[in-house]
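Please read the following points with the structure open beside you, and take them in order. They are written for someone who is new to looking at protein models.

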Amino acid sequence: IVAIVKGTKAECVIKVLNKIPLDIRKMVKEVTLDMAPTMQKIVSSSFPKAIQVIDRFHVQKLAYEALQEVRISHRWEQIAIEEEQIKLCKTTGTEYKISYLENGDTLRQLLARSRYLLFKTPNKWSQAQKVRAKLLFKYFPDLEHLYHKVLQLRQVYSQTELKDVARLKLAK
């Protein structure tokens, strides 16, 4: 059907949906969609009375991506610090000594190896991940704060059935 109608994909979908009588389309109360602007355009124009709800998968995905971006930025900072220390040692003629944490990781390795534990709930961490998380949160408390916010968001979605209760929890 879309191939028959000329225009952008959004315009094609809108043209097809607009073949449904407006009074029927106005009966649609809610549409769940991803965050693509084209989807918002389609829903706005085809279902004028519908409330647009972003699906939980995409909201949670954004939250996890933000958490990972902070972890990665810390890692780049550690790489820069390490490189600066190596340069300094070369100019002063001293030997560069790598600092290891209690679990055998460097800070740089800790940040790289913590990627997957940040996607899990603490009860699903292995013993090594528990140790790594404790160190990660000790050296990077902002990651701990963000991690717990992401867990709270996840909990709202997994433990709340009523929309109004969920909205209240999200607002808090």
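1. Setting aside its neighbours within four places in sequence, Ser-114 is in contact with Arg-71, Arg-132 and Leu-136. Please bear in mind, here and below, that this is a predicted model. Ser-114 sits in the loop between α5 (107-113) and α6, and it counts as buried because its relative accessibility is 0%, where buried means under 20%. A polar atom of the Ser-114 side chain also lies 2.5 Å from the backbone oxygen of Leu-110.

2. The side chains of Asp-105 and Arg-132 meet in a salt bridge, at 3.0 Å from N to O. This pair links distant parts of the chain, since Asp-105 belongs to the loop between α4 and α5 while Arg-132 belongs to helix α6, 27 residues apart. Asp-105 forms a salt bridge with Arg-113 as well, with the closest N and O atoms 2.5 Å apart. Through shared partners, Asp-105, Arg-113 and Arg-132 are joined into one network.

3. An α-helix has 3.6 residues a turn, so residues three or four places apart point the same way. Glu-65 is partly exposed at 35% relative accessibility, and Lys-61 is partly exposed at 41%.

4. Among the 4 aromatic pairs is the one formed by Phe-137 and Tyr-147, which is tilted, with 5.6 Å from centre to centre and 35° between the planes. Phe-137 lies in helix α6 (residues 127-139) and Tyr-147 in helix α7 (residues 141-159), so the pair ties together parts that are 10 residues apart in sequence. Phe-137 is buried at 10% relative accessibility, as is Tyr-147 at 1%, and together with Trp-125 these residues form one aromatic cluster.

5. In helix α1 (residues 9-17), the buried residues include Ala-10, Cys-12, Ile-14 and Leu-17, and their cover includes α2 (22-25) and α3 (37-46).

Note on methods: Residues are numbered from 1 along each chain as its sequence is written. This is a predicted model: local features need pLDDT of at least 70, side-chain atom pairs count only at pLDDT 80 or more; totals for chains, interfaces and linings use all residues. Side-chain values use heavy atoms; hydrogens and water are left out. Rings of Phe, Tyr and Trp (its six-membered ring) pair if their centres lie within 6.5 Å; planes under 30 degrees apart count as stacked, over 60 as edge-to-face and the rest as tilted. Helices (H or I, at least four residues) and strands (E, at least two) are DSSP runs, numbered from the N terminus. Buried means under 20% relative accessible area, exposed over 50%, partly exposed in between (1.4 Å probe, protein chains only). Contact means heavy atoms within 4.5 Å. A polar contact is a pair of N or O atoms within 3.5 Å; within protein, one must be able to donate a hydrogen and the other to accept it, and residues adjacent in sequence count only if both atoms are side-chain atoms. A salt bridge is a side-chain nitrogen of Lys or Arg within 4 Å of a carboxyl oxygen of Asp or Glu.
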